[in-house]
Amino acid sequence: MSGQPVTTSEQAWLAQARALLLRSAQADAEALVARALLEHPRSFELRRIRAGICRQTGCTAAAESLLTELLAERPDDAGTAFALAGLLIDQCRSSAAAAVMRASFEHARHGTELAIQAIELLDGCHRPQDAAAIAEAAIATDPDDPRLHAYAGMLEIQLGDFERARVHLLHALEHAPQACEWHVPYGLASMQRYDGPEHPDFARFRACLLRRDLSDKARSSLLFALAKAHDDIGDFVLAAEYSRQANALAHALTQWSSKHWRRAVDARLQAGTIACAAAAQPDFTPVFVLGMPRSGTTLVAELLARHPQVCNRGETPWLAALAQRAELVVNPDQPAIQRAADAYAARLRQDDTRGMRWFIDKQPLNFRYVDLILALFPSARIVYCRRNARDNALSLWMQSFAEEVQGFAYDFADIARVMRDCERLMAHWRKRYADSIHEVCYEQLTAAPEAVIAGLATWLQLPAAEADTVAARPAASINTASVWQARQPVYARSTGRWRNYAACLPELLDFRADDPAGRPGQLRSNGNSR
């Protein structure tokens with residue numbers, strides 16, 4: 001009819017909006033969507049596009065309101081749930097994000113592929129318990145998919161549910177040829193202590209080793225698993241041989257460079273004092289537990305986190321990422337320091353720590369950035385963990401690491417270099433910031449854990465906690481190499497462990513053993529430094 005206004009179809013508006021967004025023309029897309037919504041005010045897709053534009057342009061409150069409204073209308077819409085969860089994660093509200101994802105998967109069966117995406121999203125923002133719940137629900141729907149079992153097993157290792165984890169990992173190993181590529185054998189070996197060669201895992205691992213289709217990374221991980229199993233039963237010669245093979249493969253694959261490391265350390269030592277500092281944040285004390293990996297950092301963090309006012313965030317990459325920002329590399333100004341401090345504090349606090357004041361970041365290699373730590377947080381506490389060098393070197397060399405930053409661990413010469421540089425940097429920082437640094441000796445910690453942690457708690461000014469409150473505190477998830485050990489009663493049997501390997505690993509003798517804290521001596525070069 002000639003008098004009726006002409007309207008554009010919803011699909012036509014959507015096509016135009018998407019075309020503008022593909023050209024990164026957010027302002028034009030926003031104006032177009034606003035006009036489109038006058039004609040189609042209840043369009044689900046147009047409102048979702050508006051939410052995306054709001055998120056891109058920094059209008060996070062509007063984006064959250066729109067996405068929440070849309071999800072209330074369609075609780076089974078996975079795309080909206082993922083968008084809202086991503087927005088919440090960006091705001092350091094991972095607990096709220098986890099609640100959104102769990103509710104979405106409770107309302108609908110989204111299928112295995114979306115379940116895996118949700119699991120990876122939640123695990124990536126340190127919500128393993130929620131990720132594991134989604135994995136278990138997905139397995140109930142699709143019980144035969146070995147990927148789901150592999151994810152569930154690895155998550156339950158973090159959570160300390162080793163029996164359930166073993167069931168899932170065995171299912172993955174028995175039903176997926178690629179399970180070795182997922183490092184399932186290493187997961188099985190890492191969560192227990194074997195008591196004899198008759199354990200069926202020995203035969204399983206040897207059978208996997210005969211396969212010719214394994215990548216070098218998978219073969220290395222499998223060899224580390226075999227080395228760990230033979231170490232458990234006291235077969236140190238074979239454990240050393242498997243470790244040599246594993247490290248040779250891993251060293252060839254790593255991109256870690258001793259030259260780049262040396263230059264980075266020298267730059268830290270030569271840098272001047274950071275002249276400005278961020279403002280103090282009330283009721284917030286970050287605690288950085290650092291030192292060489294495998295020096296007791298996980299144990300210290302786990303024992304401290306039993307206090308009801310302490311939150312252990314585990315090994316985070318956040319400080320290293322901040323240290324690479326251009327605005328913080330050379331002579332940072334106060335606004336840049338304040339922005340970085342606020343962003344970092346928000347990541348530590350998240351939205352699940354009501355009543356907590358002390359927040360632990362236990363990335364060991366943060367010893368590189370003590371000056372930046374204390375510029376960001378003048379009240380920060382630095383806990384420096386040290387261990388006998390021979391024991392520390394052996395523990396590193398017999399470990400498979402997931403992250404490239406630990407690529408030095410596959411070569412004794414590289415281990416020695418990092419140990420020496422750790423000592424150099426910490427000596428440098430102690431001269432500048434002696435009052436902010438407290439040393440913990442691994443050997444003393446394992447011999448008298450209650451006394452050492454009590455002294456550390458006093459230094460941190462932790463208030464006294466009721467014993468029953470501490471006992472009732474659930475253990476935090478652990479996603480480090482010490483995932484099994486840190487959940488056992490504190491033991492001292494790893495002290496002096498290097499002696500078991502002195503005959504078959506003569507390289508250990510090049511590390512000094514006379515200092516209980518473990519200052520490393522010089523190590524022969526094997527010609528493999530990069």
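Is D352 buried, exposed or partly exposed? At 30% relative accessibility, D352 counts as partly exposed, because that value lies between the 20% limit for buried and the 50% limit for exposed. The model is predicted. The protein chain holds 530 residues, with 25 helices and five strands.

**Overall build**

- The protein chain has a radius of gyration of 26 Å. A compact globule with 530 residues would have one near 24 Å, so the two agree.
- Along the principal axes, the C-alpha atoms fill a box of roughly 100 × 60 × 55 Å.
- Of the 530 residues, 52% are buried.
- Take the contacts in the chain with a separation of 6 or more: 73% of them join residues 24 or more positions apart.

**Surface and charge**

- The accessible surface of the protein chain is about 23800 Å². Carbon and sulfur atoms account for 52% of that surface.
- The chain carries 59 positive and 62 negative charges.

**D352 and its surroundings**

- D352 sits in the loop between α19 (334-349) and β3 (358-361).
- Leaving aside residues up to four places away in sequence, D352 touches S95, R127 and R313.
- R93 is 259 residues from D352 in sequence. In space, their C-alpha atoms are 8.0 Å apart.

**Two residues with positive phi**

- S24 is not a glycine, yet it has a positive phi of about 60 degrees. S24 lies in the loop between α1 (10-22) and α2 (26-39).
- S24 has 52% relative accessibility, so it counts as exposed. The cut-off for exposed is over 50%.
- C92 also has a positive phi of about 60 degrees, and it is not a glycine either. Its place is the loop between α5 (78-90) and α6 (94-107).
- C92 has a relative accessible area of 12%, so it is buried. The cut-off for buried is under 20%.

**Aromatic pairs**

- The whole structure contains 14 aromatic pairs.
- One of the pairs is Y194 with F202. Their ring centres are 5.4 Å apart and their planes meet at 70 degrees, so the pair is edge-to-face. The cut-off for edge-to-face is over 60 degrees.
- Both partners are buried: Y194 has a relative accessible area of 2%, and F202 has 1% relative accessibility.
- Another pair is F236 with Y501. Here the ring centres are 5.2 Å apart and the planes are at 65 degrees, so this pair is edge-to-face too.
- The F236 and Y501 pair links distant parts of the chain, 265 residues apart. F236 is in helix α14 (residues 236-253), while Y501 is in the segment after α25 (467-472).
- F236 is partly exposed, with a relative accessible area of 23%, whereas Y501 is buried, at 0%.
- Ring pairs also join F284, F288, W318, Y344, F359 and F377 into a cluster.

Notes:
Residues numbered from 1 in each chain as written. Predicted model: local features only at pLDDT ≥ 70, side-chain atom pairs only at ≥ 80, totals over all residues. Heavy atoms only, no water. Helix = DSSP H or I, 4+ residues; strand = E, 2+ residues; numbered from the N terminus. Buried < 20%, exposed > 50% of the residue type's maximum accessible area, 1.4 Å probe, protein only. Rg over C-alpha atoms; globule rule 2.2 N^0.38 Å. Contact = heavy atoms within 4.5 Å. Areas by Shrake-Rupley, 256 points an atom, 1.4 Å probe, with all protein chains shown as cover. Lys, Arg positive; Asp, Glu negative; His and termini not counted. Charge placed at Lys NZ, Arg CZ, Asp CG, Glu CD. Phe/Tyr/Trp six-rings, centres within 6.5 Å; stacked < 30°, edge-to-face > 60°.
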